[in-house]
Every structure is written in structure tokens, then in C-alpha cells.
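Trainee: I am new to this structure. Please take me closely through the place where the two chains meet, and then show me what lies around it.

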2 protein chains.
Amino acid sequence: MVQYTDVLEAYNRVKDVVNKTPIMTSRTLNELVNAEIFLKCENFQRIGAFKMRGAYNAISQLSEKQKSRGVITHSSGNHAQAVALAAKLAGIRATIVMPKSSPQVKVNATRDTYNANVVMCEPTIEARQKTAQELIDKHGFTLIHPYDNDDVIAGAGTAAYELLNDVENLDMVFAPVGGGGLLSGTSIAVKGFDSDIKIFGVEPENVDDAYRSLKSGKIETNKTINSIADGLLTYLSERTFNIIEKNVDQIITVSEQEIADAMRFIWERMKLVVEPSGACSLAGVLSGKIRVDNKRIGVIISGGNIDLNEFFDLIQKKIRIKNNN
Amino acid sequence: MVQYTDVLEAYNRVKDVVNKTPIMTSRTLNELVNAEIFLKCENFQRIGAFKMRGAYNAISQLSEKQKSRGVITHSSGNHAQAVALAAKLAGIRATIVMPKSSPQVKVNATRDTYNANVVMCEPTIEARQKTAQELIDKHGFTLIHPYDNDDVIAGAGTAAYELLNDVENLDMVFAPVGGGGLLSGTSIAVKGFDSDIKIFGVEPENVDDAYRSLKSGKIETNKTINSIADGLLTYLSERTFNIIEKNVDQIITVSEQEIADAMRFIWERMKLVVEPSGACSLAGVLSGKIRVDNKRIGVIISGGNIDLNEFFDLIQKKIRIKNNN
């Protein structure tokens, strides 16, 4: 199992490559919940999400032989771009298996900005895994799994490690949970730093597999994946389940409306672009399910990658009107 | 005319009340323009814009008699909320004259959040001034003008003062220009700090009154106000014209499309919510009208207050679909 020392070692590997992201606060927010809230803003991380930490920590430890063969992952989300950029920085080849349903802009960014080799597949989780496995068998690529990987988990924990070093005397830390990589790494960092700090995972109630898994004592899956928090639709692995069961004090669920309301607060009042998955952790604080009065609370904002096409279409419409008046 | 020492004194008055806003950078942006860009993020200022600095600097210097009578301003924008909050913090009464066309959400925020007395008027600049003047005559309120006021200008300059102290060896500073309060204060701070630093004002070409004023040597006005940069639709006063003519190296204009493109870059790549007026200064850098190669450039992002209703309507629609699936 990943240990606190693994997070410390990961931090030394990634600290000169990843952004030391800022911690943002809001008087209005603190008054609203009668607590002191510290947002650890991984939306300001390279590629726009915490995923860069785990991907770089994993890739930087590959053997020369592994590096010469290259890495692979399957993802249409933040992890794809993290692996592509981390590989580029390490000077090695990356192959990203993406479902045909991926937005063209993401495919282009992964291929053109980060020079990754993109392989398209059918939009099912089975097709992704099969396509990746075939390429691994053929080329000897090393798989960088988005969360079922000790180095990825230890790297993810470095965000909380920075938070704990920047903000004294935290009582609680909230982090979102999807596959459990971020929550696992965060929990190891938090409990290793100070075992008295409570750690909460926050999950959309429409995809509450982690909540149910901790109740039943085994990995549960989701029948449907109807959440705007598109980074949290996966379920735990044995590896993340075991860490979370050991370290996490409680998993709480939030409705889609609570996620949207938290996101809106962060955009409107704090002027930060965060994605729905990234706002989940604050939604957990705002939900009122945990007593937070007078506590000092760290909140991991996991990322800020959201499609702004529709919003900027509205701006274009306004420009046309202005220019024609 | 406002002097550098006025900015220093203003800074000592406001520094414990306003936010010391962060400076944000982007590798992608620096590579794009082959320069080092430092965004001074006044979107993170209290009330979401730099206006808080000038309002508080002005209000904190009123006599006891003026304080007991209260202050007034006419604005539907950021200055209204800045005066309301600054007055609240100083424990004095504020009256804000707002046009009937103001969004209800802004009226409510000014009244409820900041306890200001809101007086509605017809949506013309003449009606605003007349309504305010009648209330001044009747109640003896002190007018806090949004830019035609030395203390407001000196206060606005404190954003650049913080920037200059945080970032060494700047070659250039870019700021947006509407009524000229921010550009005046910025130019005094910049030239007082180091007269070798170039200072540029950036203005929408659809409301290019300041650009034309510096050409003609007298205050020009706008025939139309067709810009998405709704904070920059006003024109200079004698006071701001004189300061800008003396200090500012050049005013450059940007198209509506350039403003939208700069705004989109800041939102998508830097994860910052900025308003169109706030993105104007970066639009000036990106316009290519000024050679910036290898320069160190400060960019004042004036604010981040933008109506997000339409965007979150789109999110609500997505939630309804998710919850019904």
C-alpha cells in the first residue's frame, strides 16, 4: 500500500515540473458556512487538473528500457493530456487510446499540443481496454493507469501535501472521489501529516459507487453514469478501495443541483473556472452533511477543464449585434 | 494633479482593507507572444474589480461631517458596489443612483449585500446626474465620482503599485481605458516607480474616444457605445485626460473579436473568470500592435463581474437531462 513517504518522494520528483498551485479563500464563503475554507486550486495545474502530478511521478520512474518503448493510457479526459504532457517533458513517446465519441478539440489538443500518438476506438470501456492491451502486446508500451497505480496515487497526494504545508492547523480536508486516485493520495498525505485531520470524500449521488462500496465492504459499480461531474463516473479498484477504507473518515454524496450550485459560487464569487468534478468537494462542504462550524477546512479543487464553446457562442452573438449597431 | 506620493499614501490607507490580489502567469501565453506576461488579477479584488481601491481611498478621507451625511454615486456597474461596500466598511450611509434598466440582481446586491440606499432613475446619463445632484442638494451627500476624483485615481493606482513591488524589472504595463481613472492611476504609479517603464492604454475600437482625444489634443466623445466591454463606454474628464496625456506612451485600440479572443484565452487556458473590459489589456498585448518580444510585461486585469445566467441555464438543462435518464 502507498505510504506517506511515497508522497514525500513523489513531491521531490514532481515539484520542479508541476505548478505549485495557489490556495484561494473567500470572506463570503467563510461567512456562509461559519468556517475557514482553503481551496487548493488544481484548476491552475498544468493541463488544468491534478492529473499532471500522478502522470509525471509515474513516468519519471520508468526504466530506460520502458522509456525507450513509450507509455500508453486510455482516457478522453484530463489523464490523457497529463500522460501526453508528462511523456513529452520526459522525452518519450505516448500513445493515447481515445473513444471515437471524444470531442475533436480534445483529440487535437492531445495530438498537436503534446505530440501524442492518438488511437481511436469504439466508445466503450471494454473497447478502450482491449485496444490498449493490443498495443501493449505489440509494442511493449507501459500502461499508465489513471488511478490503479501506486505512483499515480502518490503523485496525486502531492496536492494535499502542498496544501498542508501552506495552511496551518487544518481540521478537515474534502476531496472528490471517482476512481479514487485523488482521494487515496490525499488521504495518505493528510493522515501521514497529522492523523487527527478528518478526511472526507465527496461523490455525486447519481454515481455513488464509492459510498455504497464502503457500506457493503466490497467494490460496487454504477448502473448509470448520469452526472455532470464527468471526471467522477468511474469506480474504485481494489487498490484505491483498500486505501480509502483505511484512511477516509466518511464519503458523502451530493446532488447534481448541489454540484452546479457550488460550481456557480466558485465562478461568480471567486472568479475561478472549475469543472463540475472540481466543484464537488466544495459541494460536500456546502451540503451541510458534515458539521463544519469554526473549523479550518482544506478543499481540493481537482480541475478546471470544461467545454466553453456554448458560452463563447453567446459572446460571439453579442459581438455581432454590437458590430452591426 | 495626482502625484506618485498620493498613490503611496493611498496604498497605506487601503492595504489592510482591499485584497492584495495575486499575479498569474501562463507558460502557454509567454510562448505565444515570446515575452513574460504578468497578469495583475483585480478580478480577485473585493466586489470583483479594482474599483474597491479608489472608493475606499476616497471615503476613508472624508471629514467627520461628510461621513455623518453620507456619500452618493451614480453607476450600475462595479463602482456602485465598490462605493456601497467601502461605505459599509467605514460605517457610513451610501446612496446609489441606478438606472431602471439595471439588472435586478445588481440592484439587489447593492441594496441587500452592502446595505446601500438604491434610488432608481431613467436610463440616461443626464437623468443619473440630475437625480444624484438633487439628492446632494437635499441631503448634503458627498459625490464619489467613478473616475473624475483625485482620491479615486490615486486608489486605482495602488493595483499597479502592488504589481511593481511583486514583479521586478518590468518593461511595459498595459491597462484598459474607459473614463481613464484606472489608466491615470496606473500611469502615475508606473512612471513614479520607474520612468523607463512604458505604459499603454487599451481601448475598444468601437468606443475609441481616448485614442482620438490624444490625437486631437482635446476630449472626444463616442457617437455609439457598441462594445461588449461595458466598463469602458465612458469618456475622459479633463482630470484624467491631462494625466494620460502626460504619462501614457500610447493608446491602442482592439476590435470586439480581439477582446473576446483574449477573454476566451484567459478563461480556457488560465481558468480565470474575467469580464470583457478586464480582458482588454491582454487583447492589447495579443493585438501585435506593440513589439513585445523578450519584454517583461505587466497587464492589469481590471475585473471579473460578468453575467453568468445564460451559462448556468445551460448547466441546468444538462442537469435535468442527467436526472431524468
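Mentor: Start with the area. Between chain A and chain B, about 3,800 Å² is buried, and carbon and sulfur atoms give 61% of it. On the chain A side, Lys271(A), Phe311(A) and Phe312(A) lose the most area to chain B. Together these three account for 18% of what that side buries. Keep in mind that this is a predicted model.

Now the contacts. On chain A, 40 residues are in contact with 40 residues of chain B. There are 16 residue pairs in polar contact between the two chains, both residues being at pLDDT 80 or more. Which elements of chain A give two or more residues to this side? They are α12 (256-270) and α14 (309-324). The largest share comes from α14(A), with 11 residues. By type, the chain A side divides into 18 nonpolar, 13 polar and 9 charged residues.

Charge pairing comes next. Side chains of opposite charge can pair when their charged atoms come close. Between chain A and chain B the count is 2 salt bridges. Glu310(B) forms a salt bridge with Lys318(A), and their closest N and O atoms are 3.2 Å apart.

Step back to the whole structure. A search over all chains finds 32 salt bridges. Asp166(A) and Lys20(A) meet in one of 2.6 Å, N to O. That pair links distant parts of the chain, 146 residues apart. Asp166(A) lies in helix α8, while Lys20(A) lies in the loop between α1 and β1 (23-24). Asp166(A) counts as partly exposed, because its relative accessibility is 40%.

Compare a pair within one helix. Arg13(B) and Glu9(B) meet in a salt bridge of 3.8 Å, N to O. Both lie in helix α1 of chain B, 4 residues apart, about one turn of the helix. Arg13(B) is partly exposed at 29% relative accessible area, and Glu9(B) is partly exposed at 43%.

Another pair in chain B is Arg291(B) with Asp293(B), whose closest N and O atoms are 3.7 Å apart. Here Arg291(B) is exposed, with a relative accessible area of 68%. Asp293(B) is partly exposed, at 34%.

Some charged residues form a network. Salt bridges link Lys40(A), Glu42(A), Arg53(A) and Glu162(A). Arg53(A) is also one of the buried residues of α3(A). Is that helix enclosed or open? Helix α3 of chain A, residues 51-59, has 9 of its 9 residues buried, so it is largely enclosed by the rest of the structure. What covers its buried residues includes α1 (4-14), β2 (36-41), α4 (64-69), β3 (71-74), α5 and α8 (150-166) of chain A.

Follow α5 next. Asn78(A) lies in this helix, residues 78-90. Asn78(A) is buried, at 14% relative accessible area. Leaving aside neighbours within four places in sequence, Asn78(A) is in contact with Ile47(A), Ala49(A), Lys51(A), Glu275(A) and Asn305(A).

Finish with the nonpolar core. The largest one has 88 residues. Ile37(A), Trp267(A), Leu272(A), Ile37(B), Trp267(B) and Leu272(B) touch the most other members. Take Ile37(B): beyond its neighbours within four places in sequence, its contacts include Met24(B), Leu29(B), Leu282(B), Val285(B), Ile297(B) and Val299(B). Thr25(B) and Asn30(B) are also among them.

Key:
Residues are numbered from 1 along each chain as its sequence is written. Chains are lettered from A and ligands numbered from 1 in the order in which they are written. This is a predicted model: local features need pLDDT of at least 70, side-chain atom pairs count only at pLDDT 80 or more; totals for chains, interfaces and linings use all residues. Side-chain values use heavy atoms; hydrogens and water are left out. Contact means heavy atoms within 4.5 Å. Buried area is the accessible area (1.4 Å probe) that two parts lose on being put together, summed over both. A salt bridge is a side-chain nitrogen of Lys or Arg within 4 Å of a carboxyl oxygen of Asp or Glu. A polar contact is a pair of N or O atoms within 3.5 Å; within protein, one must be able to donate a hydrogen and the other to accept it, and residues adjacent in sequence count only if both atoms are side-chain atoms. Ala, Val, Leu, Ile, Met, Phe, Trp, Tyr, Cys and Pro count as nonpolar, Asp, Glu, Lys and Arg as charged, and the others, Gly among them, as polar. A nonpolar core is a set of buried Ala, Val, Leu, Ile, Met, Phe, Trp, Tyr and Cys residues joined through side-chain atoms within 4.5 Å. Buried means under 20% relative accessible area, exposed over 50%, partly exposed in between (1.4 Å probe, protein chains only).
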